[in-house]
Amino acid sequence: MSANSSPTRTPKRTHRQDSFVEYEQKVDDTTRDTEFHSSQDGRRVFSKTVNIQRKLRSLAPNELDSLGEWTPLPDNGEGVAAEESGDNVGEKRKRYESSDDPMRAWRGLAPMFLDEILRHEGPGDRPDVCADCKKTLETSSRRFRCKQCGCYIQSGKEVFGALGHGGHACPHPAPTPRSMVVLEFPHLHEIKFRYCACDLSDRANNLQQLLRNGWYPASTVDPATCVTFATLEVFRLLNVVGGLTVLDFMRTMESSTDASGLSDVPDRHKVFGRVSRQFAFLQRLKRAGRAHDSGGMEATSRGECAVLCWACPQEGINLPDGWRDVAPEFQFLFMLILAMDANFRLRNRLRHNALDDPPLGSGWGYAVEGAGYKKMIAKYVPEKDVTTCIAFAALAQKETRLTTGLRASGVGAVVCARHELVRPQGMGDLQKGERYINMDYILLASVMGVTLLYLTIAYDIACQWRIHFRKRCTNFPPAMQIDFEQTKVQFGLPVWHATAHERNCQVENSLTYQNGVGRTDGEGTERVWSRFNGAATATKEMNYGAREDALEDKVDHHNHEKNVGQGANLPRKLLIAIDERDRQVTAFAEVDGTLDASLRAEWQEMIDTWTGDRTKKNPYQWNDEKSGSGEAAIRLALAKEELEEVESGRSSVHKSSASAFLVLGIQLEDHQDRIRRELKGRPLLTTDRDERVTDMRRTFHVKLKRFRRLQAIYMPGAVDQLQDAEEARDSELPPPLAEDISLCLPSALESRGAGECVEGLVEKEGRLREGQMHDGLKNLRRRLHAKRHLINFRDEHLVGQRGGTRAATLMERITENINTTATRYRRARRALISLRGEEECTAYHELEDDDIRLDQEVDPDTAARARLGVVGTRMSKKDRKGRAMASASRRKMSWIWTEGGGPDADEEEIVDAVRVEWSRAKARRDRWVEEVDLLREEMRRVIRFLEWRAMWWEQKRVVSRMVAEDIRAGLQAYAARQASFARRLRFKFQANWNTSAAVAVRQALDDDDRLAGARDETGGEDDGAIV
């Protein structure tokens, strides 16, 4: 018999005495019972162990292992608060400026720091024998330190020695060793050292002793941390080139010092951020020659620390004497061409607990001077626009961009459009969107004090911004105002941004039709922003001063790289320009040779009149381009309808209207077509074509991101369809290129039921597609007329292989334009059929290749020659019409001449088409001729600038300041080095540019093949993705 174990339980007696159970009474890990029973005769007793179980009892933590009795951080009963507060509870901590605001304490000592940095350029007071390797240093007019040893740390936590003697022992060092954390890439060192206390210390205080040892102190009072100059220079390059942040750099050094965590590595993130900011500022002052100026740092004028563009016109620097007296037709060579734009990625948050830490040298470099800028912004009164262009977003966001919690919503900038260098005082924060007051101030500050005869400004909203620009300029201080009597100012749209504007606006403001700009595309700011966008995340959280200084340093390095790169970039651009100029000159000669002299004079007078007064008839537009039922007219009608809806109380789902969303999608389709055409072309240099394609793809992706945001609002169904397509795509394949991305407009949706698109979106796309087809047919007719006119002239006047080859080149260009127009028509028709069904699109037929022909092409020897032979003659309109009708019975007319509002036969349309073709061909020729001339003049200006810079630094060798001899020697050595750099670079550039064009082409092609091979080895062509 058995029972459950219990230490207090007593055995239960049974009626029979021959068996009983004894329960366990001991406390143990295991429980068991013992059963006893006797034999039948009662003489023997038997026992058996039963109910064996392990006791289930809980254990205390201190019973688990040997560490159980150990208590980390034992509480002694005094309390943590008492330990932290100490005896002086309630008393305020004594404040020290050197620790509370070390930047403010440093500002007054910045000139001394700058002098000590420049002192290292000379021999200083270093001895003739290296303290480490005992090597005797050279004794000549140019003395060097031993670079194998130098002022490096090699003693770990041992006593480093005394400062002030170039590593040698000091005869009378300070009695007390000091502890110092020294950051020398890639390690952090904790060392002990002594200051020099001998006679040399009378000439150098403690800070100077550290600086002369190549250690930059982190504070101005009893510093406990230093950073070597070499470490600061390494970080600066990693920051401005690779975008490495202070946090990442310091984590790298900490891991390199001890990645195991066995030692206590000191935390110096904040200290290093402050020191690196100071060092970068001093380096900019040093390169600007401010230490050589007798007035010192405080005499620095606005923009004086900025790196100037070597190729842009600078009076007194790189312009020849008498440049103002050059003939009027060559004055464009001295034009300053600028581009301006805003970047809304470079935002900055408000920090309510931030210190009052202004930038170092506000207004001395690329950012506008803060006090004057803020004072002017405070007077801002919102402008009332006279809106004449509706197809872009920048102007609409001018007053509405969300700025909650932001100190700056973005940055505006002005750059030289041809070389992409940021102008001095050419950057400024935007408080709320892209307001005129901000952009006006930045532009005027960037050209303040510059003498100009001509100024061209490329801006993506120039069509609106320029309207009252002169009037707004009168609100600024006189020193900032442009003298419009002396300076001729013209405006243009950047080439890629122009496609977002209405057609009339594009033609009127296109840079192609602005005299003197060559083939400048005006997109320089976009390429500059692509280099700075990587800093947006890091600078967003910085305080005002640190952010501006960080951007200044990045811009400074960018400008220097662009200048040095002109040695290779300008000749490559010139080779391409020469090749294209010859093509355009030939093409225009073919067009021009077909015209009657009187007609040519009439059209040239039209161009001259329009150039002087833009309100006159535009020679680059067809006569009916401003009217009709074309795409532009439909877009305007849709915009008016949407405006009426908002005014009637029906709110819009987004600040960008539905029609603006559809227009953006159609523009992206056209952008993809341009990329495909560029890839099919045959460029002179492959790398140049690749750069253009990469730039076009980057621009496409920027627009695509905005399109996708709007698509999620107006087309919820497209989001799911795109998601399904992405999931179905093979993940092993690379992402599609920009030109292959599906946009998924309403016409491409698999289902357009309720919830797939907002109400009315499908109908609006249908109307826009109708306008596309209407314009496509008109453009086809115009270009076919121009082609027929040129073919007729070729047949009658050109003979021989040379004439036939030149004519074939011209025909190829016109045919390319015709094919582009046909592609756009076909795409619009497919979309309309998808939206409405084929039965609803009978007004516009399918466009076959055989349909793209003139109505006279079946009989070219009679009717065609007779009709086109009178273009430009003095024959009366009645006679022309009679001659045209005489051959009507022999025509087999293509449907494109009657459908979509097309005329049966109109001599005026032929003349209009030839006029536009002639005017545009002339503009292209003139711009490429200007481009060649501009590039050659820019190369001359670069040589003149380097010559001037070498002379400027040579003059700096005569130090007018009262400084110590060792600092004077450093100033002289640095000036000599900079002068030598300018001279050597000038000789290198000029030697390379003396090569003939033929040899330069061969060299460029060799470089092109080498770069293409390197690109293939690293993964092939760019996929167009935004990095």
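**Notes on a predicted model**

1. Let's start at F185, which sits in the loop between strand 5 (178-184) and strand 6 (187-194). Helices here (H or I, at least four residues) and strands (E, at least two) are DSSP runs, numbered from the N terminus. F185 is partly exposed, at a relative accessible area of 36%. On that scale, buried means under 20% relative accessible area, exposed means over 50%, and partly exposed is in between (1.4 Å probe, protein chains only). Together with V234 and L238, F185 makes a nonpolar patch on the surface, with about 210 Å² of accessible area between them. Patch members have over 30% relative accessible area and no salt bridge; like charges are joined within 9 Å, and nonpolar side chains (Val, Leu, Ile, Met, Phe, Trp, Tyr) within 5 Å.

2. Some ground rules. This is a predicted model, in which local features need pLDDT of at least 70 and side-chain atom pairs count only at pLDDT 80 or more, while totals for chains, interfaces and linings use all residues. Residues are numbered from 1 along each chain as its sequence is written, and side-chain values use heavy atoms, with hydrogens and water left out.

3. Now the overall picture. The protein has 28 helices and 15 strands, and buried residues make up 47% of its 1027 residues. Its accessible surface comes to about 52,200 Å², with 50% of that belonging to carbon and sulfur atoms; areas come from the Shrake-Rupley method with a 1.4 Å probe, and for residues only the protein chains shown count as cover. Among contacts (heavy atoms within 4.5 Å) with a separation of 6 or more, 75% are between residues 24 or more positions apart.

4. Which residues touch the most other members of the largest nonpolar core? They are W465 and F469, in a core of 62 residues. A nonpolar core is a set of buried Ala, Val, Leu, Ile, Met, Phe, Trp, Tyr and Cys residues joined through side-chain atoms within 4.5 Å. Apart from that core lies another, of 44 residues, including Y216, V227, F235 and L971. Leaving out residues up to four places away in sequence, W465 touches M340, Y436, D440, L443, I457, Y459, R472 and F491.

5. You'll find D460 in the loop between strand 14 (454-459) and helix 11 (462-465). D460 is buried, because its relative accessible area is 10%.

6. Helix 4 (residues 110-119) is largely enclosed by the rest of the structure, since nine of its 10 residues are buried. Those nine are A110, M112, F113, L114, D115, E116, I117, L118 and R119. What covers them includes helix 3 (102-107), helix 5 (206-212), strand 7 (215-217), helix 6 (229-242), helix 8 (269-287) and helix 27.

7. A salt bridge is a side-chain nitrogen of Lys or Arg within 4 Å of a carboxyl oxygen of Asp or Glu, and the structure holds 53 of them.

8. In another salt bridge, K562 meets E420 (3.1 Å, N to O). K562 belongs to helix 16 (residues 544-592) and E420 to the loop between strand 12 (410-416) and strand 13 (422-430), 142 residues apart.

9. R836 is partly exposed at 30%, and E770 is partly exposed at 28%. There is also a network of salt bridges linking E669, D670, D673, R676, E765, R769, R824 and R827.

10. Last stop: Q425, in strand 13. At 4% relative accessibility, Q425 counts as buried. Setting aside neighbours within four places in sequence, its contacts include R302, G303, Y366, E369, I442 and M448.
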